[in-house]
Amino acid sequence: MPLVKPLSADHDLETKELADFFNETLGFCPNSVLTMQHRPAISKAFINLNKAVMENEGRVTSALKRMIAWVSSNATGCRYCQAHAIRAAERYGAEQEQLDNIWEYKTHPAFSDAERAALDFSLAASQIPNMVDSSIKEELYKYWNEGEIVEMLGVISLFGYLNRWNDSMGTSIEDGAVDSGKKYLEKHGWNKGKHI
């Protein structure tokens, strides 16, 4: 059972309208947002930040952003966010071979060197202590410009917030996210954990 119960999707009409974004991204409004509605200013600010972070202004694709989110969530151990990120990657056009082999992104041929640099950045930035160093920077700058690096770190930081929110709340995971978790992550030990 979650620390705080989610409210009805109709609780705050402004949040409900903004949350339509998630119907495209995930196919449902996440329980995390429904919980944030206990303080509607938080739910609305979060959704607007999410939309800004996930907007594509450079070459960082929607699929890559969601894979960056998965690597970050995997590093922190948030099973809720792992399932959401892999689901969104699937819905935003990640290649099947990448989805099936996300755990092996460092060596699997489905990932380009540019994608590896982005995913290594996500892993390093998500660890405590932070592991972003000159070698991570050097690899990033081989493939990405400063605006694109800002977009990537926006995703990593957004999911840092979500990882802590959902793991601390024990947010109940939605059926669609469970389906994606089982499809792509269960073979490597993923389960709902506390997110029942």
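Where is Ile 128 found? Ile 128 sits in the loop between helix 8 and helix 9 (134-143) of this predicted model. Helix 5 (residues 62-76) packs against helix 8 (residues 113-126), and 12 of the 15 residues of helix 5 are buried, so the helix is largely enclosed by the rest of the structure. The structure also holds six aromatic pairs.

- Ile 128 counts as exposed because its relative accessibility is 71%, and the cut-off for exposed is over 50%.

**Helix 5 against helix 8**
- The two helices pack at an angle of about 35 degrees, and their axes are 8 Å apart.
- The crossing of helix 5 past helix 8 is right-handed.
- On the helix 5 side the contact involves Leu 64, Met 67, Ile 68, Val 71, Ser 72, Ala 75 and Thr 76; on the helix 8 side it involves Glu 115, Ala 118, Leu 119, Ser 122, Leu 123 and Ser 126.
- By class, this contact has eight nonpolar, four polar and one charged residues.

**Helix 5 itself**
- With 15 residues at 1.5 Å a residue, helix 5 should span 21 Å, which agrees with the 21 Å between its end C-alpha atoms.
- The buried residues of helix 5 are Ser 62, Ala 63, Leu 64, Lys 65, Arg 66, Met 67, Ile 68, Ala 69, Trp 70, Val 71, Ser 72 and Ser 73.
- Their cover includes helix 2 (20-25), helix 4 (40-54), helix 6 (79-91), helix 7 (96-100), helix 8 and helix 10 (146-169).

**Aromatic pairs**
- One of the six aromatic pairs is formed by Phe 21 and Phe 22, which are edge-to-face at 5.1 Å centre to centre and 75 degrees between the planes.
- Phe 21 and Phe 22 are both buried.
- The ring centres of Trp 70 and Trp 103 are 5.1 Å apart with the planes at 75 degrees, so this pair is edge-to-face.
- Trp 70 in helix 5 and Trp 103 in the loop between helix 7 and helix 8 are 33 residues apart, and their pair links distant parts of the chain.
- Trp 70 counts as buried because its relative accessibility is 2%, whereas Trp 103, at 29%, counts as partly exposed.
- Phe 21, Phe 22, Phe 46, Tyr 161 and Trp 165 are linked by ring pairs into a cluster.

Methods. Residues are numbered from 1 along each chain as its sequence is written. This is a predicted model: local features need pLDDT of at least 70, side-chain atom pairs count only at pLDDT 80 or more; totals for chains, interfaces and linings use all residues. Side-chain values use heavy atoms; hydrogens and water are left out. Axes are lines fitted to C-alpha atoms, for helices over the stretch in contact, and angles run from 0 to 180 degrees between N-to-C directions. Helices (H or I, at least four residues) and strands (E, at least two) are DSSP runs, numbered from the N terminus. A crossing is left-handed if the near helix is turned anticlockwise from the far one by less than a right angle, and right-handed if clockwise. Contact means heavy atoms within 4.5 Å. Ala, Val, Leu, Ile, Met, Phe, Trp, Tyr, Cys and Pro count as nonpolar, Asp, Glu, Lys and Arg as charged, and the others, Gly among them, as polar. Buried means under 20% relative accessible area, exposed over 50%, partly exposed in between (1.4 Å probe, protein chains only). The expected span of a helix is 1.5 Å times one less than its number of residues. Rings of Phe, Tyr and Trp (its six-membered ring) pair if their centres lie within 6.5 Å; planes under 30 degrees apart count as stacked, over 60 as edge-to-face and the rest as tilted.
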